[in-house]
Amino acid sequence: MEENKNCPMGDEGMNIPPESELPTPAEENRLPEEAVERVYRWDYGEFSEETAKGNKNKKKNGTFIYAVSMTCAFGVCFFLLLSLLLSGAVKQLSLEPIVNTEIITEERVVYVKEYDPASGVLTDQEIYDTCSPAVVTITVLKTDSSGSGSGFIISEDGYIVTANHVVADAESISVLLKDGKELTATLVGGNEFTDLALIKVEGSGLPTIKIGSSSELLMGDRVVAIGSPASYDFAGSMVNGIVSHNDRSFKIYKDDGSVEKKMTLIQTNALVNPGNSGCPLINQYGEVVGIVTMKLNSTYYEGMCFAIPTDAAMPIIEAMKSGADYSSLLSAVSRYPAKLGITGSTYADDSSKLYGVKVESITSAEYDVAGKLRKDDVIVAVNSTAVTSITGLVRYLDNCDAGDSILLTFYRNGQKLTVSVTLGE
């Protein structure tokens with residue numbers, strides 16, 4: 001191999017000084033004089049063989065003391081634990097109740113409906129598969145208009161429940177089934193007061209839907225509605241929500257602002273639309289618990305929809321089916337507003353500080369107020385609530401039911417009188 005002159009090898013290339021010039025080990029480990037002052041060490045004093053033996057004895061003594069201390073501590077803990085266990089066993093053997101007066105328990109009712117086969121609760125998809133075959137689209141032709149709605153089949157031979165306002169005054173009624181078959185229907189019965197109706201198609205073996213109990217609904221229960229919003233183009237649409245209120249008293253107003261009737265309905269936030277009227281409101285078990293009847297139709301309100309509860313509706317439907325009289329059942333769904341039985345006007349006399357409602361006439365001798373109030377009497381209070389205008393009196397009566405008894409305070413020829421009156425329909 002040719003020698004590399006740029007990288008000399010051996011002693012000559014490394015320029016190692018002669019051995020005589022190398023520092024001794026003592027000199028090599030010696031710090032420079034200027035660094036000596038900066039080195040600090042702990043001073044343990046003089047060290048001797050006697051000191052080493054003493055330290056060794058101290059170490060042995062410390063180990064012994066530590067072992068004794070730990071043994072004693074372990075023994076104390078063991079006996080304390082044993083005494084606690086024995087005291088508990090004695091209390092149990094003596095059958096003495098252990099009462100902790102510092103702990104206060106409070107009962108709490110928890111509502112649980114689990115998703116398991118034993119509970120019967122269905123998913124939304126299972127509800128749709130089970131119930132949608134029995135939901136129908138209803139199309140009606142009237143003298144000068146047409147319309148559509150929804151309904152559901154309750155018997156295999158073709159009885160269908162819907163809302164009365166869907167089929168009222170219809171010249172012809174047709175029903176579209178989920179499988180696309182279209183049938184002609186006839187009106188069996190309808191009631192405007194409750195907005196319930198029953199129609200029928202000819203058939204057999206038709207799919208039906210199970211009727212549930214609306215009285216078992218709890219606020220917050222999950223519900224769905226299946227129907228045909230807008231038109232048959234959207235047939236079979238499903239919306240879901242919860243029970244917002246299970247016993248809502250709802251007032252229906254006339255165009256003049258007076259109350260036409262009061263209905264007891266299920267309130268839900270399931271978003272229904274025109275065309276959903278008459279469709280079923282279904283609980284989480286796949287049972288019909290309500291018949292959709294209306295919603296608050298305003299840009300200011302959303303998710304305020306209402307259904308007739310089945311517990312009140314189905315006895316009326318069954319009576320329609322059998323041709324029986326059901327007038328006594330109507331009040332379970334709807335009630336007429338309470339009537340006092342007078343005509344009146346707002347009365348104000350600043351000089352006498354008398355303000356109230358002046359009786360103009362008694363509308364019928366059938367009302368209880370006849371013979372108790374007279375023309376020109378001035379009503380000033382109802383059940384100790386001051387009344388200063390005809391509007392105030394009407395608003396108070398709107399919250400009463402026919403058959404309620406109220407106390408009327410009024411003035412007659414300067415004399416203050418009070419009478420009890422039973423309200424009529």
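Me: What makes you say that the charged end of Lys200 sits over the ring of Tyr159?

Reply: Keep in mind that this is a predicted model. The charged end of Lys200 is 5.3 Å from the centre of the Tyr159 ring. The distance cut-off is within 6 Å, so Lys200 counts as sitting over that ring.

Me: Which ring does the charged end of Lys321 sit over?

Reply: That of Tyr159, with 4.9 Å to the ring centre.

Me: On to ring pairs: how many aromatic pairs are there?

Reply: Two.

Me: Why is the pair of Phe193 and Tyr336 called stacked?

Reply: The planes are 25° apart and the centres 4.3 Å. Phe193 is in the loop between β5 and β6, and Tyr336 in the loop between β14 and β15, so the pair ties together parts 143 residues apart in sequence.

Me: What makes Phe193 buried?

Reply: Its relative accessible area is 13%, and buried means under 20%. Tyr336 comes out at 42%, which lies between 20% and 50%, so Tyr336 is called partly exposed.

Me: Why is the pair of Phe250 and Phe306 tilted?

Reply: The ring centres are 4.4 Å apart and the planes at 45°.

Me: Are Phe250 and Phe306 buried or exposed?

Reply: Both are buried.

Technical notes:
Residues numbered from 1 in each chain as written. Predicted model: local features only at pLDDT ≥ 70, side-chain atom pairs only at ≥ 80, totals over all residues. Heavy atoms only, no water. Phe/Tyr/Trp six-rings, centres within 6.5 Å; stacked < 30°, edge-to-face > 60°. Helix = DSSP H or I, 4+ residues; strand = E, 2+ residues; numbered from the N terminus. Buried < 20%, exposed > 50% of the residue type's maximum accessible area, 1.4 Å probe, protein only. Lys NZ or Arg CZ within 6 Å of the ring centre and 35° of its normal.
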